[in-house]
Amino acid sequence: MTLESTAPTSAATSATTPQRGPGARYVGRSVQRVEDPRLLSGRGRYLDDITLPGMLHAAFVRSPHAHARIVAVDPSEALALDGVVAVYTAKDLDWLAPMVSTGPMREGVVAQSRTPLATDVSRHVGDPVAVVLARSPYLAEDGRDLVEVEWEPLPPVLDPLAALEPGATLVDEALGTNNISHLEQSVGEVEEAFAEADHVTRIRFHSGRSTAAPIECRGVVAEYEDRAGGRYNVHSSTQMPHLLRMLMAPVLGVPEGRLSIKAPDVGGAFGLKCSVFPEDIVIPAVARLAGRPVKWIEDRWEDLAAGVHSKDMHCTMEIAAKADGTMTAFRGHFVTDSGAYSSIPFTPLVDSQVAGVYLSSCYGVQNVAYAVDNPLTNKCQIGAVRGVGWVPGQLAREVAIDELARALEKDPVELRLQNMIGPEVYTTPFGQTYDGGSYTASLEKARDSVDYAAFRERQAKAREEGRYLGVGFSPFVEPTGWATSSAAAGGLPNGFFDTASVTVEPDGSVTVTTGLHSHGQGHETTLAQVTADELGVPMESVRIVFGDTDTSVFGMGTYASRSAVLGFGSIHESAVQVKDRLVRLAGAMLEADHTDIELVDGVANVKGVPGKSVPLQQIALFGYFGGPARPDDVQRDGLTATSGYNPGETYANGCGAAVVEVDVRTGLVTIEQLVAVEDCGVVLNPTIVKGQVAGALANGIGIALLEDLAYEDNGEFVSGSLLHYLYPSTTEVPDLTLHTIETPSAVSAGGVKGVGEAGTISAPAAIVNAVMDALSPFGVVVEKTPMTPEYLRELLRAAESNGSAPARH
Ligand code: SMO
């Protein structure tokens with residue numbers, strides 16, 4: 001894997017942006033990850049490492065049917081098994097409030113209520129209906145198999161388009177509709193643009209059903225302290241401890257002060273762990289009923305069948321264009337096959353709506369319209385997973401642009417460059433304001449990385465030999481740094497921000513607490529880099545504390561590629577206050593004006609006066625115990641400052657490119673080269689960015705070629721193991737070519753943008769376009785992911801039988 005950095009572009013800088021100054025020694029460097037000695041040597045403390053005294057183990061009885069009435073549940077045989085302690089059903093949990101998604105948080109969404117255990121009807125394979133508690137996880141599973149459920153199968157709703165038809169069977173009768181939300185938005189003169197177009201391209205694309213499948217599945221360990229009004233202590237593998245507490249407390253019927261959420265080391269999350277799941281509620285509730293701590297660790301079947309699924313979207317995309325290639329209008333319809341329950345808190349709109357609102361991406365098209373629908377079906381719920389609906393939206397638009405290029409006989413790279421916005425701050429037709437980016441530069445860089453001109457020659461030569469090579473490009477914009485303005489621009493009327501608390505302890509070491517959470521990203525490293533630079537202290541003296549609602553300041557958690565931006569900003573806002581106190585203390589100690597003090601490597605120096613210095617440890621001690629000579633705010637607040645941060649909209653951008661070969665006899669796609677050009681603004685740590693991008697690209701390969709959560713025609717789920725749900729391994733991930741361009745954000749502290757989802761957004765469309773390019777002699781039209789060998793052979797066979805295929809070699 002190669003990583004090459006390109007000089008920062010100067011397109012977007014701002015006087016209000018604190019840039020890297022002379023004291024900045026860590027940001028921008030590939031500092032080794034602080035957490036790795038712990039995580040790589042097996043000393044991480046994950047959920048399953050937590051054992052509480054007297055703890056019981058839980059196993060869930062789940063529906064084998066897509067849609068069925070629960071006639072009766074008989075636990076007697078399970079209860080007779082030695083070691084089984086209790087079996088609970090929905091009746092035992094009738095004191096809980098319903099889980100509601102999520103009318104109040106989003107306008108235009110039907111609020112759906114559910115109970116954490118199904119009461120009368122189960123709505124997808126894997127829907128939990130009862131829970132067994134036992135002395136060991138093995139006995140709990142044995143007990144689970146002995147619970148007798150009498151089912152009455154109901155007709156399943158499996159086709160999302162049919163689910164939208166009047167008179168369709170309802171997945172949730174209480175709602176009176178299958179459609180969680182229908183939204184439309186249109187800006188400019190869309191109808192006119194299509195009427196006046198020289199050419200209209202219209203495609204259909206179905207992006208397949210995939211999920212995160214993190215190495216560590218989900219889990220919950222909970223206890224209930226039955227004293228002083230009662231309190232729940234819950235350990236959860238979550239990405240967002242405080243929001244989980246906020247959303248769980250009303251269901252459990254306690255104030256937030258009587259619910260603690262602790263998220264230990266988390267072995268991968270990718271968005272999957274920022275939903276609230278039935279098990280999050282059931283485990284603490286039954287711990288209370290049983291009077292003993294309870295642990296539940298999800299198995300892989302449960303993860304795949306009953307976690308969250310993602311990206312199952314039926315897209316229609318239309319482009320209006322002039323004969324010279326100018327694109328004049330985009331129109332998209334995005335139908336998410338939403339599953340049986342509206343996920344909490346983000347709802348299935350986390351896929352469909354974001355495909356719509358960012359439809360114009362990095363193109364200057366001014367007439368844009370979209371509609372979204374979110375039909376419920378008897379499948380697993382759709383929720384947040386890396387790249388969310390940006391991935392299907394990107395696929396629909398970029399595949400359509402390649403189709404337009406073929407129709408107009410234009411080069412797909414030139415066509416894109418012709419229609420792209422410039423590098424400066426830009427407001428889209430739907431009102432998102434991009435903070436500057438390297439839109440054309442990253443496409444040009446990707447083009448050069450695949451040696452485009454030479455590739456076309458190689459491709460022509462290979463075709464003569466009966467080998468089919470193709471190249472595809474996928475420039476993208478990634479919304480990052482989710483805060484109030486970016487959420488509003490993305491269609492969520494909720495305020496998001498984040499907080500950090502920075503403390504210089506009496507010995508000069510530094511403690512930072514944050515409500516962000518790290519589940520592999522390396523926050524213990526990057527946020528320490530930021531803190532060390534801000535305060536002028538050695539990184540080794542900084543400790544980043546997170547993942548516990550009892551000890552960390554309130555925060556919104558980590559998802560939506562937000563933590564670099566929110567972490568940098570909130571630490572910056574807090575650290576400047578603490579640093580101001582430190583230099584004034586040092587000024588008093590050194591009898592110098594505080595404006596002449598600089599803090600470097602944990603020592604305060606008087607600028608230009610060699611030898612006149614005092615170490616931070618002495619300053620801190622003086623700060624806490626130095627008596628009346630100290631500034632007033634130090635006497636009052638010590639050396640702690642807590643500040644929030646709420647940046648403007650922050651958008652990363654870049655471009656993916658893929659070179660593939662398709663074996664037309666087998667339909668197998670081999671990726672020869674996969675390129676990512678990433679512009680996430682100022683890079684905090686190149687190694688960590690490289691890791692994020694490499695992982696995201698692998699994820700994108702999976703979406704393009706392999707990952708498919710499949711249901712049979714009767715709604716049976718058939719992808720319940722990693723033998724059936726394939727994700728890419730070393731044999732499918734080629735040597736990756738990674739480039740970075742740094743366009744500092746015009747709005748965020750430090751010029752930082754996020755990077756967590758970029759490769760997952762760009763890679764699938766690049767790979768689909770490359771496959772279509774390879775197969776263009778056959779006139780094959782790819783209309784879905786994953787592009788399995790079976791699917792491509794089907795298309796090729798159809799092309800052969802209607803005579804459009806070239807002669808076989
Ligand atoms: S799907 Mo991400 O953690 O917002």
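## Hairpins around strand β26

Strands β26 and β27 make a hairpin with six residues between them, and G608 in the turn has a positive phi of about 80°. Three bridges connect β26 to β27 (residues 613-615), and the two strands run antiparallel. Strands here are DSSP runs of E with at least two residues, and helices are runs of H or I with at least four, numbered from the N terminus; two strands pair if DSSP finds at least two bridges between them.

A second hairpin is formed by β25 and β26, with two residues between them; D601 in its turn has a positive phi of about 55°. Four bridges join β25 (residues 597-600) to β26, again in antiparallel fashion. A604 in β26 stands opposite L599, and its bridge partner in β27 is V614.

## Basis of the model

This is a predicted model, in which local features need pLDDT of at least 70 and side-chain atom pairs count only at pLDDT 80 or more, while totals for chains, interfaces and linings use all residues. Residues are numbered from 1 along each chain as its sequence is written, and side-chain values use heavy atoms, leaving out hydrogens and water.

## The two faces of β26

In a regular strand the side chains alternate between the two faces of the sheet. Strand β26 (residues 603-606) has a covered face with A604 and V606, and an uncovered face with V603 and N605.

## The setting of Y727

Y727 lies in the loop between α19 (686-706) and β31 (736-741). Y727 is partly exposed, with a relative accessible area of 30%; this term covers values between buried (under 20%) and exposed (over 50%), with a 1.4 Å probe and protein chains only.
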